Amino acid sequence: MPPAAQAELSACAVRKILAHKQTLVTGGGECEYLPFVIQGTLRVYKVSESGKELTLYRIDRGESCILSATCILNTSAFPALVEAEGKTEVILIPSQLFARWVEDYPVWRKFVFSIYEKRLEMLLTVVEEVAFRHVDARVSAWLSGAAAGRSVAVPATHQKIASEVGTSREVVSRILRDFEAEGLLVTERGRIRILDPRGLSARAEQSARL
């Protein structure tokens, strides 16, 4: 960014530290800032009327939120929720400053379009997962990815898995009981111990083909 923009950033941006699970943005509100993650992770998600959560994407270090950018440029309400995963430090860029930078600085416009490209690919993946794969396939695939093909204990609650794959906690609990009966894993308090990583991966592929 040009020196003038850097000076504006230093003068106007707000630095904020969020605790684990602390909400940064709630759905339906006006976008007053564009968040930029310095340390930690932000989770962007939707909640249905029944209380079911679906993770849209995560914002890691050095990244920003495309939904916030869209809302600022369109002067529309934010359509999701944003919360911290673990202790997270963010820089909040005022919406007026962000909108002016998009018009004044080509390097900033390029950055915004790069965010659009990355998040669009991720959102399309989420849509494909939810629309075209069975829930048990999504659960087994998520656990396989979290375990990285190893016999380890994955720190996750039933509710967290439900939020990740876009279903209810009750459905996840039922699927995990089935997996446990097949000897693929053991459910423990706050974690899932993977006993048969190959079998779990095969279960995901088998379910996806049905």
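**Labels and their grounds**

Tutor: In this predicted model, the backbone oxygen of Val165 lies 2.9 Å from a polar atom of the Arg138 side chain.

Student: What makes the pair formed by Arg138 and the backbone oxygen of Val165 a polar contact?

Tutor: The distance is 2.9 Å, and the cut-off for a pair of N or O atoms is 3.5 Å, with one atom able to donate a hydrogen and the other to accept it; the pair therefore falls within the limit.

Student: How do you know whether Ser163 is buried or exposed?

Tutor: Ser163, which lies in helix H6, has a relative accessibility of 4%, and because the limit for buried is under 20%, Ser163 counts as buried.

Student: Which side chain does Ser163 join through a polar contact, and at what distance?

Tutor: The side chain of Ser163 is joined to that of Glu53 by a polar contact of 2.8 Å. Leaving out residues up to four places away in sequence, Ser163 touches Arg43, Glu53, Leu54 and Thr55.

Student: Ser163 and Glu53 are also among the residues that line the second largest pocket; what kinds of residue make up that lining?

Tutor: The lining of this pocket, which holds about 190 Å³ of space, divides into no nonpolar, four polar and seven charged residues. Asp, Glu, Lys and Arg count as charged, so lining residues such as Lys21, Arg43 and Glu83 belong to that class. Helix H6 gives the largest share of the lining, four residues.

Student: What makes a set of residues a nonpolar core, and which members of the largest one touch the most others?

Tutor: The members must be buried nonpolar residues joined through side-chain atoms within 4.5 Å. The largest core has 34 residues, of which Leu42, Val44, Phe78, Phe98 and Trp108 touch the most other members. Among the elements that give two or more residues to this core are strand S3 (33–47) and helix H4 (106–132), while the largest share, six residues, comes from S5. A second, separate core of 17 residues includes Val139, Val154, Ile161 and Leu185.

Student: Why might such residues be found together?

Tutor: In soluble globular proteins, nonpolar side chains tend to be buried together.

Terms used: Residues numbered from 1 in each chain as written. Predicted model: local features only at pLDDT ≥ 70, side-chain atom pairs only at ≥ 80, totals over all residues. Heavy atoms only, no water. 1 Å grid on protein atoms, 1.4 Å probe; cavity = no way out; pocket = protein on both sides within 12 Å on 5 of 7 lines; lining within 4 Å. Points joined across faces, edges and corners; volume = space filled by probe spheres on them. Buried < 20%, exposed > 50% of the residue type's maximum accessible area, 1.4 Å probe, protein only. Contact = heavy atoms within 4.5 Å.
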